[in-house]
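My entries follow the order in which I checked things.

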Amino acid sequence: MTLEQGNLRQARNFINGAFAEGSDGKTFENRYPATNEVVGIVHEASEADVDAAVKAARAAFEGDWGNFSQNERLALLEKVADGIMARLDEFVAAEVLDTGKPRMPTLKMEIPRAAQQFKLFADMFRNVEPLPEITTLLPDGGTAINRPERSPRGVIAAICPWNIPFVQMSWKVAPALATGNTIIVKPSEETPMTATLLAEVMNDAGVPAGVYNVVHGFGPGSAGEYLTTHPDVDGITFTGETQTGVAIMRAAAGTVKGLSLELGGKNPGIIFADCDFEAAVASAAIASFFNCGQICLCMERLYVERPIFEKFVAALKDKAEALRLGDPNDPATTLGPLSSLEHREKVLEHYQIAANEGATVVTGGGVPDMDAELSGGAWVQPTIWTGLAEDSRTVKEEIFGPCSHVAPFDTEEEVVRLANATKYGLAAMVWSGDADRASRVASKIEAGVIWVNCWLVRDLKSPFGGFKQSGVGREGGEYALEFFTEIKNVCIRQT
Ligand code: NAD
C-alpha cells in the first residue's frame, strides 16, 4: 500500500509475490466511513487474475512451501507476527480508515491480537500430537497397523468480512499457513487495506512467492465467485452473512470443496435477577454497542428477569447515552460510525421497522447530529427497544448495528425457549449468581459459544463456530485442524 494520487491509498492485488493492478484495469473507490470521503483506490482482480493467484498458490504448495520443514514454516510465521508489530501504526491507520472504528481499541487490541495469532498458531502446531494408531487382526492371523496422519488441505481461499477485517483474516491465514497450506485472501471490498499491507510484511519476512495471495473485488461476478467456483481451490473458509454462506455452499458444491463457514447470529443475552447487576449492565452495554454493534457475537436480544427489568432498562439507557460518538482518532471516542452509508441504510430501515412494529424506543432510533466535518459519515444512534413480540422482524433478524431489544421473562424454562427460538446459533450470554443454574442454562442453549458472567472472552485456543444457520465447522486452536488438514489412513501389513 502506498500513498499516491494525492492522498489516495492504492490496494493492489498480490499474486505470486508481486503487486499488480487488475488485468482488465477495473478499479473502485474505498471510503472512510466517518466522513464518506474517498481515501483509496482498489484494483479489482479479473477472472484471469484469480486464476493466476490459484496457479501461484498451487505451485507454491507443491514447491517451496511444501518442501519446507514444519519448523521452517513456523519460524516464518513468527517473523510475520513481528513484522506486523513493527508496522503497528500503519496497520492501525489502515484499519481505522477502512472501517471508521475508534483508533484506541484498534491499537490496543485488534491489530496486536491479529499479530499474536501468527505466533500462537505457530506455537500450537509445532508439536501436534500424532493421531492414535489402530491395530487390525487379519483373517489369516496376521496384523496390520492403521496410521492416520494429517496432510494440509492444499490451496485455500479465505473470503473475509469487513467488521473486524484484520483479526478475522489472520484467524484464517495463520492456521492455514501453519498447517502447510497456501492461501488466496479476498478481503471485503470495503476493507481492502490491511490484507494488502500484510502482503508487504509477508514479502519482507521471506515467505515464498505464491504462499499468500490477495485478490480484490466483490462477490457475485467478481473475485468471490471466481474463487468459489475455481476447480483448483481445495477449501473455502468464509466469514460473513448467512445468505452469502448459502450462495458459497451452492457454488462450492460443483467441485465438492471443503467448507468452513462462520455466519450470522441473533444472539440472546439472559440476565437473571440474582446477577451482579452493575457488571451485567456494563457487559450488556458493551455486548450491544461495541464496534457499533458490528460483531457477529453482539447481543441484539436481551432477556431480563422481571423483578429487575425496569431498573435494568433504565441503567442500559444511561450506558447508551454515555457513549461518545466522534472522530475515530480522538482517544475519547467510544463509538464510531457504521461501516458504510449502504450499511447505515439497512440499519435505519430496521430502526423504521421496529417503530412500525410498535416498539417502545427507550433511546436512539435515528441519526445523531454530528459536527460538520463528520456529518457525511455513516453515523447512527445507539438504540434500545422494548415491547416487541418475539415473532417481530426486529427480534428475529440480524441487524448488525448498535441496538438491542430488551424483554422481560419469568422462568428459566421460558427464557431457554425464547433464546433458542431462532434460526441462528452463534453465541449467548448468561448472567446469574447461581453457578448451577448458569451451567444448566448454558447446556440447554443451542449455540457454539456461551459466556457466563462475561462477554467476548476469546481464548484463541478455544473452539469457535456456530450451531444451526450460524455456520459449519469449528475454527480456533487445534480445532482449526479439522478444516485446514485432511486425514489419510495409511494401513501397513505387519506380518
Ligand atoms: P457478506 O456476507 O456481505 O460479505 C463477506 C464477504 O463475502 C465479502 O468479502 C464479500 O465480497 C464476499 N461475498 C459476497 N457475496 C459472495 C458470493 N456470492 N460469493 C463469494 N463471495 C461473496 O458479509 P459482511 O457484510 O462483510 O459481514 C457481516 C456479516 O458477517 C454479518 O452477518 C455477521 O454476522 C457475519 N460475521 C460472522 C462472523 C462469525 O464468526 N460467525 C464473524 C464476523 C461477521
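I began with the site: the ligand takes up the space of the largest pocket. On a 1 Å grid over the protein atoms alone, a pocket is an open set with protein on both sides within 12 Å along at least five of seven lines.

I noted that the model is predicted: local features need pLDDT of at least 70, side-chain atom pairs 80 or more, while totals for chains, interfaces and linings use all residues. Numbering runs from 1 along each chain as its sequence is written, and side-chain values use heavy atoms, without hydrogens or water.

I then listed the shell (a heavy atom within 4 Å) and got 30 residues, with Cys 160, Glu 189, Thr 244, Leu 263 and Glu 398 the closest. I sorted them into 15 nonpolar, nine polar and six charged. Domain 1 (3–263 + 470–491) and domain 2 (268–460) each give at least three residues; the bounds come from an automatic or database assignment.

Next I checked polar contacts (N or O pairs within 3.5 Å). Ligand oxygen atoms lie 2.5 Å from a polar side-chain atom of Glu 398, 2.7 Å from one of Thr 244 and 2.9 Å from one of Lys 186. Of the 860 Å² that the ligand exposes alone, the protein buries 92% (Shrake-Rupley, 1.4 Å probe).

Terms used:
Polar contact = N/O pair within 3.5 Å; in protein donor to acceptor, adjacent residues only side chain to side chain. 1 Å grid on protein atoms, 1.4 Å probe; cavity = no way out; pocket = protein on both sides within 12 Å on 5 of 7 lines; lining within 4 Å. Sits in = over half its atoms within 2 Å of the grid points. Nonpolar A, V, L, I, M, F, W, Y, C, P; charged D, E, K, R; others polar.
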